Amino acid sequence: MLPYLAKCVAAIMPSSPPIARQAFLHGAIAILPLSLAVAPWGLLAGSMAIEANLSAWQGQGLSAIVFAGAAQLVAIGMLKSGASLLSILLTTLLLTSQHLLYGLSMRPVLSNQPLRWRLGLGFLLTDEFFALTSHYDRQQFNRWYALGVGLTFYVAWNLFTLAGIVLGQNIPHLDQLGLDFSIVATFVALIAPLVRNLATVVCVAVSLFCSVLFSYWHWETALVAAGLLGMAAGFVCQKFTGDRA
């Protein structure tokens, strides 16, 4: 994958300085473990698209245009169950609403970048992208590194989705093999290093407890409600303890 990306970089920025290509490859290498970790997730997204009677082009188009794993899986599942277009759009909007917070958080870093960079990196913004780039300030932030992170993950996601589509056309009920466990594993790997103080522990604990409880109660908005309650609990704890979350 990295040699392919290197060729792509050399093709799209032939006159760029070597330091830019080096930063791009550094970002590509940094995101590679997470790119491989979502392989089962991508396979699941592709196979579920076939199970939902979408064409191969439609299934691949979801990954190429939407580029949001959880939203894609939920939307495909709702489509398969016959949900209305409005309910699918509202649900995916709620599921991806955290990207608004990501964008607001990274605005001070990206505000001085040209429009084409803000749009491009904004499209590539994912949980994984944010985890690897959000801790840099404006002086430390390298847009080529960020592009390497985002573009590598984008290519990997689409390749794994394509593999899932191919397998889904030949192996029935691939979505029943427990591939969705990779979703849990990926987010545990992203969140665990960030749990460094009491406020964050409270946020994670409350979110986890509420998500299990609300799912048991069959609330359709279980994950969203649990996330909001977790953030509220963490905020209150931070105010009382003075910790920075």
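The protein chain has 13 helices and 0 strands, where helices (H or I, at least four residues) and strands (E, at least two) are DSSP runs numbered from the N terminus. This is a predicted model, in which local features need pLDDT of at least 70 and side-chain atom pairs count only at pLDDT 80 or more, while totals for chains, interfaces and linings use all residues. Residues are numbered from 1 along each chain as its sequence is written, and side-chain values use heavy atoms, with hydrogens and water left out.

Some totals, to begin with. Of the 245 residues in the protein chain, 38% count as buried. Buried means under 20% relative accessible area, exposed over 50%, and partly exposed in between, with a 1.4 Å probe and protein chains only. The accessible surface of the chain is about 13900 Å², and 70% of that belongs to carbon and sulfur atoms; these areas come from the Shrake-Rupley method with a 1.4 Å probe, and for residues only the protein chains shown count as cover. Among contacts with a separation of 6 or more, 74% are between residues 24 or more positions apart, contact being heavy atoms within 4.5 Å.

Now the interior. In soluble globular proteins, nonpolar side chains tend to be buried together. A nonpolar core here is a set of buried Ala, Val, Leu, Ile, Met, Phe, Trp, Tyr and Cys residues joined through side-chain atoms within 4.5 Å. The largest core has 36 residues, and M106, L121, F129, F141 and L147 touch the most other members. Helices that each supply at least two residues to this core include α2 (18-37), α7 (98-110) and α10 (143-170). The biggest contribution, 8 residues, is from α10. Take F141: leaving out residues up to four places away in sequence, F141 touches M106, V109, L110, Q113, L121, T133, Y136 and A146. There is also a second, separate core of 5 residues, with C210, F214, A222 and A225 among them.

Next, the aromatic rings. Which residues do ring pairs link into a cluster? They are F67, F123, F153 and Y154. Rings of Phe, Tyr and Trp (its six-membered ring) pair if their centres lie within 6.5 Å; planes under 30 degrees apart count as stacked, over 60 as edge-to-face and the rest as tilted. The structure holds 9 such pairs. F67 and F153 make a tilted one, at 6.2 Å centre to centre with 50° between the planes. F67 sits in the loop between α4 (56-66) and α5, and F153 in helix α10, 86 residues apart. Both F67 and F153 are buried. For F67 and Y154, the ring centres are 4.9 Å apart and the planes are at 85°, so this pair is edge-to-face. Y154 lies in helix α10 and F67 in the α4 to α5 loop, so the pair ties together parts 87 residues apart in sequence.

Y154 also turns up beside S63. S63 is in helix α4 and counts as buried, because its relative accessibility is 0%. Beyond its neighbours within four places in sequence, S63 is in contact with Q72, Y154, W157, N158 and T161.

Last, the surface. L100, L101, L104, L228 and M231 form a nonpolar patch with about 520 Å² of accessible area together. Patches are made of residues with over 30% relative accessible area and no salt bridge, like charges being joined within 9 Å and nonpolar side chains (Val, Leu, Ile, Met, Phe, Trp, Tyr) within 5 Å. A salt bridge is a side-chain nitrogen of Lys or Arg within 4 Å of a carboxyl oxygen of Asp or Glu. Helix α7 gives the largest share of the patch, 3 residues. L100 lies in helix α7 and is exposed, at 58% relative accessible area.
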